[in-house]
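Biologist: I am new to this structure. Please take me through one part of it closely, step by step.

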Amino acid sequence: MSLSPRRRQEVIDALRRGTVPQRSLDAFAVGLDRFAPALQEELASVEAGAAAFKAVRGEYGSGKTFFSRWLQERARQKGFATAEVQVSETETPLHRLETVYRRLIERLATEDTPAGAFRSIVDGWFFALEQDVLGEGQIAEQDGAALLARTDALMEKRLAAITRSAPALSTALRAYRRASSEGQTAMAEGVLAWLAGQPNVGADAKRYGGLTGEIDHFGALSFLQGLLVMLRDSGRPGLLLVLDEVETLQRVRSDVRDKSLNSLRQMIDEVDGGRFPGLYLLTTGTPAFFDGTQGVQRAPALASRLQTDFKTEPRFDNPRAVQVRLPGFDLSLLAEVGRRVRDIFADGSPNVVRVRERASDAYIEELAQAVTGELGGRVGVAPRVFLKKLVADVLDRIDQFADFDPRQHYALTITDGELTPAERNARAAKDPDDIELGP
């Protein structure tokens, strides 16, 4: 996969920071090809008007975030909008769907608008409605008042099924459209913020739009329906929504946990029931969340919906199942990722020959083994640290210093301060029985 200089720099900068890049993941994705055909089928089904749900399970370091961003990028290339929401006890509690909706809107992305795409989607929808009105041939483009009135009427028709339960949606959209046409920028921005679920919207904007209160738990689902209608009418296939790190629910109070699990069950049922045509809902979590007593198994109805057979060999896992597992890394895959990252780095360097020679395939394998050894032999938790060390400690130095040779001048050092809790726990493993040798 050939990358532009900008995309290449985005990838390298993210890995240097120890984070997963937002884009261009196909360039160094390994081990995901087996999932691609099933996921493509599911995206095609959603594009045709269906809805889909998928749960991804994997231990820390198995690549759940990478997987979700890899799928998001593929979906955006097909025209989907995407949003990644990190479930959090304090900022995004799953039992309060209004906060999930707010984060969804904040992180809404399309292929041409990688962040903050909500305004462009709303404006694009109104433009599409205008084109439909003009296509009727009864109103001239110069007749602004008539065009506005007919566009509002068409909007009401498209949202009729939704506004019966959430009339404030069309009220706010009409107000945003009116404020935009009148050049009242502050009012338009305030109403749009209210539509996005933002709290503390100014009283002036609310008064202008005839709005009261804020979007609540139940209204959030109706507003999500409205977003899907806007996407469809604008020619987009739908929305891929990722709920990442749902395993954090295991650490909240039992009553909050039960409410959150019920919210997840509710969303899955709504997807299955046809309420959200055009939605692909993806959740990620650890095996302990899906199988343990503090997670999904506390909610029998939810557990039955997610039940998947993982007793057979991983190579026979069904990628079409409602729940799929990521096998994690072994040393050969870790080294393969390292080689691909080395090649991406080298292609953007004026010292391409030096980078490839001194960060040779053999050296990358040795570095992968060394990092894994520092982390208790657990390959599964090594990718983030390995790639960060490879880029920041090795490739950057080879590129900048002509006489730097990592075999002579670099000794791997890893401090507890640069590790996550899971990585520190892996490093603390002393007993041979605690060490994961890989699949």
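Modeller: Start at G274. This glycine follows helix α12, and its phi is positive, near 90°. Keep in mind that the model is predicted.

Now step back into the helix itself. α12 covers residues 254–272, which is 19 residues. From first C-alpha to last, α12 reaches 27 Å, close to the 27 Å expected at 1.5 Å a residue. Several of its residues are hidden from the surface. V256, R257, S260, L261 and S263 of α12 are buried, among others. Further along α12, the buried residues include L264, Q266, M267, I268 and V271.

Pick out L261, for it leads to another glycine. The C-alpha atoms of L261 and G295 are separated by 7.9 Å, though the two are 34 residues apart along the chain. G295 sits in the loop between α13 (287–291) and α14 (300–306). Its relative accessible area is 0%, so G295 counts as buried. Which residues does G295 touch, not counting those up to four places away in sequence? They are Q250, L261 and F289.

Further along the chain, look at a helix pair. Helix α15 (residues 331–347) and helix α17 (residues 361–374) have axes that come within 9 Å and cross at roughly 125°. That angle makes α15 oblique to α17. The crossing of the two is right-handed. On the α15 side, L331, L334, A335, G338, R339 and R342 make the contact.

Methods. Residues are numbered from 1 along each chain as its sequence is written. This is a predicted model: local features need pLDDT of at least 70, side-chain atom pairs count only at pLDDT 80 or more; totals for chains, interfaces and linings use all residues. Side-chain values use heavy atoms; hydrogens and water are left out. Axes are lines fitted to C-alpha atoms, for helices over the stretch in contact, and angles run from 0 to 180 degrees between N-to-C directions. Helices (H or I, at least four residues) and strands (E, at least two) are DSSP runs, numbered from the N terminus. Angles under 35 degrees count as roughly parallel, over 145 as roughly antiparallel, 65 to 115 as roughly perpendicular and the rest as oblique. A crossing is left-handed if the near helix is turned anticlockwise from the far one by less than a right angle, and right-handed if clockwise. Contact means heavy atoms within 4.5 Å. The expected span of a helix is 1.5 Å times one less than its number of residues. Buried means under 20% relative accessible area, exposed over 50%, partly exposed in between (1.4 Å probe, protein chains only).
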